[in-house]
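User: I have a model open and want to go through its packing. Can you take my questions as they come?
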Amino acid sequence: MKVVTGVVGNDIHVVANRLIDISLEERGFEVFNLGVNTYLEEFMDAVIETDADVLLISSLNGEAEGWCRDLQILKSQYDFKNVTFMIGGNLGVGEMDPEQLVPKFQSYGFDLVFHQVDLNVGLDSLEAFLEAR
Amino acid sequence: MSKLYIDIGSTYFKVSQKGNIEQYFRNFDKNILDDLNSKCSTIVNQYSKEDIHICSSANGGLSTLIVGLTNSFSLKYAINIAFNSGINIIDTVLYSKLESEPVPLEVIDVVIVVGGIDSVEKVFDEKLLNYLEKVNYQNITYVGSAKNRDFLIQNLENIVVLENIISDKLQIQEEALKHYLTDLYQSDIVGKEDIKQLYEITSNQIYSTPYIVNRSLPKINERLDVANPFIVVDIGGATTDIHYSRDLVNDNILTENGYDRLVFKKLGVYKSRESLVHTAKNNEFVFELLEYLNVTENILEEESTKATKTLMQLAIFLVLYKVSKHHGQYVELNLDILNSIVLTGGITKVLTQEEVEDIVLFFYKKILQFHHAPTTLLDSNYEIWTYGI
Ligand code: B12
């Protein structure tokens with residue numbers, strides 16, 4: 001399975017990104033890591049060029065909302081039927097209620113949303129989701 | 001034995017031996033070889049064919065059409081390689097928009113098709129063939145996913161298949177395509193009588209000048225007093241080029257020599273003067289700039305030395321403006337950390353150091369809100385190209 005990953009927007013928090021890269025490799029995924037400071041269009045383009053199965057975006061600085069709002073528009077421009085869209089990290093600024101954040105990001109077009117959830121818990125869910133698909 | 005270097009430009013030719021460079025105005029009534037012989041046959045005759053190296057920007061270069069799968073990878077990588085190979089004219093089409101894009105009317109020297117890492121199947125289909133049927137091209141090359149090669153070979157006559165320019169890790173692989181394009185440039189020259197004759201005096205490959213300038217970049221800070229990171233701005237008669245070090249860019253491309261090139265076809269001072277003036281008039285800062293230079297808008301329509309100077313200053317400003325943040329170029333340079341600007345080309349004959357510094361300072365103060373500007377250096381001897389040949 002191929003996964004494109006990276007940190008969205010003008011976000012330079014790199015530590016989680018490295019951990020995600022390593023964890024995914026360990027779980028047997030083929031990883032395309034675009035690193036920090038990546039725009040949504042670049043993520044989508046990377047999914048197209050690699051024919052990836054999963055797009056795993058992380059965001060730590062609280063700006064994800066602004067950078068991911070256009071996901072539906074970009075999804076409509078190409079056939080992404082078989083791609084799983086996932087996002088995690090700190091999706092809101094400060095102490096925001098996950099009960100509001102999760103549906104919001106789902107409405108943007110993400111299949112899996114993890115606000116301040118441990119990485120391994122998130123990756124377990126991803127595997128379960130892919131299995132079920 | 002020392003070597004003789006010759007650069008054939010659109011207005012001058014330059015002859016360099018033992019570090020000494022002479023320049024001559026081209027006489028357009030004569031063909032290039034006769035012109036060269038009439039001006040410096042004694043020098044040329046002193047050298048054997050093996051010791052004469054020639055580069056040229058006189059034949060305009062190749063025109064390309066790139067069909068790519070995405071903007072961020074296929075098209076971006078191919079554009080990058082094409083510019084670095086000395087190509088000036090680049091048209092691009094996104095594969096997903098192929099059916100709604102107009103077909104270019106002019107003859108294309110080379111079509112480049114690219115998309116997908118090697119393991120990706122079924123990137124291109126009939127849609128590509130239908131489109132290409134309508135395009136009038138001379139050469140075609142495929143530099144995309146390995147799994148699509150058979151389809152293209154079976155359906156497109158004469159297609160040259162090269163190594164994928166997108167690696168399995170989504171990084172750029174430039175060598176094969178760069179080689180192909182520089183060789184094609186060479187055979188294009190051979191088709192052009194004027195330059196073809198130059199093979200009477202050299203047995204070495206004739207390269208395009210921008211390709212040579214790009215090759216010389218790694219040597220510039222050894223030879224000239226400039227500090228990294230720097231850019232080289234080549235403002236000539238036909239186009240304006242920027243060569244920049246990759247330290248100034250924040251993106252996913254990692255090329256081997258670490259320097260890239262960007263071309264502004266429409267910002268030449270002579271051959272594309274009209275579009276330069278047009279771009280200038282549409283820039284919101286230009287009136288302030290003209291005032292700062294103590295001239296009025298009317299100068300843009302005049303034919304005088306003063307007008308040429310002003311146009312060149314405008315060209316510097318516009319080029320910096322276009323590569324600074326958010327102006328839709330395919331690269332954005334981080335000019336905040338730039339240390340030196342080197343100017344080469346015809347501009348060094350027209351503007352003084354002070355006039356250049358003036359404009360650069362205006363840009364840094366006005367657009368970037370800085371108090372100081374990078375140092376500037378004029379390649380007045382026009383020697384940079386000799387480092388790369
Ligand atoms: C180190 C750090 C920095 C360093 C970053 C250095 C670098 N290059 O990485 C510096 C000093 C540069 C920095 C800058 C800023 N930071 Co900071 N930074 C931190 C800090 C202290 C640690 C981050 C870290 O590396 N943690 C270790 C890693 C392993 O954990 P993690 O990042 O949380 O990732 C885990 C989970 O989030 C999760 N995860 C991440 N992605 C995903 C994806 C999925 C799908 C899943 C399931 C899970 C998941 O898994 C990871 C491993 O468990 C945190 C606070 C904190 N203690 O977390 C603030 C923090 C992230 N920063 C914050 C802010 C606001 C900023 C700045 C805006 C500050 C400013 N005003 O300038 C800038 C932004 C710069 C930018 N353009 O991005 C805020 C974000 C607020 C929010 N979202 O609510 C935090 C939370 C601090 C705070 N409490 O206010 N920061």
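User: Phe124(B): buried or exposed?
Analyst: Phe124(B) counts as buried because its relative accessibility is 4%; buried means under 20% relative accessible area, exposed over 50%, partly exposed in between, with a 1.4 Å probe and protein chains only. This is a predicted model, where local features need pLDDT of at least 70, side-chain atom pairs count only at pLDDT 80 or more, and totals for chains, interfaces and linings use all residues. Side-chain values use heavy atoms, with hydrogens and water left out.

User: What does Phe124(B) form with Tyr142(B)?
Analyst: An aromatic pair that is edge-to-face, 6.0 Å centre to centre with 85° between the planes. Rings of Phe, Tyr and Trp (its six-membered ring) pair if their centres lie within 6.5 Å; planes under 30 degrees apart count as stacked, over 60 as edge-to-face and the rest as tilted.

User: Where do those two sit in chain B?
Analyst: Phe124(B) is in the loop between β7 and α3, and Tyr142(B) is in strand β8 (residues 137–142), 18 residues apart. Helices (H or I, at least four residues) and strands (E, at least two) are DSSP runs, numbered from the N terminus. Tyr142(B) is buried, as is Phe124(B).

User: How many aromatic pairs are there over all chains?
Analyst: The structure holds 19. One of them joins Tyr95(B) and Phe124(B), with ring centres 4.8 Å apart and planes at 70°, so this pair is edge-to-face. That pair links distant parts of the chain, 29 residues apart, with Tyr95(B) in the loop between β6 (89–94) and β7 (108–114).

User: And Tyr95(B), buried or exposed?
Analyst: Buried, because Tyr95(B) has 4% relative accessibility.

User: Which residues do ring pairs link into a cluster?
Analyst: Phe285(B), Tyr292(B), Phe317(B), Tyr321(B), Phe362(B), Phe363(B), Tyr364(B) and Phe370(B).

User: Switching to chain A. How many helices and strands?
Analyst: Chain A has 6 helices and 5 strands. Their order from the N terminus is β-α-β-α-β-α-α-β-α-β-α.

User: What are the spans of its C-alpha trace?
Analyst: About 35 × 30 × 30 Å along the principal axes of chain A.

User: How much of chain A is buried?
Analyst: Buried residues are 49% of its 133 residues.

User: What share of its contacts comes from residues 24 or more positions apart?
Analyst: Such residues account for 79% of the chain A contacts with a separation of 6 or more. Contact means heavy atoms within 4.5 Å.

Methods: Residues are numbered from 1 along each chain as its sequence is written. Chains are lettered from A and ligands numbered from 1 in the order in which they are written.
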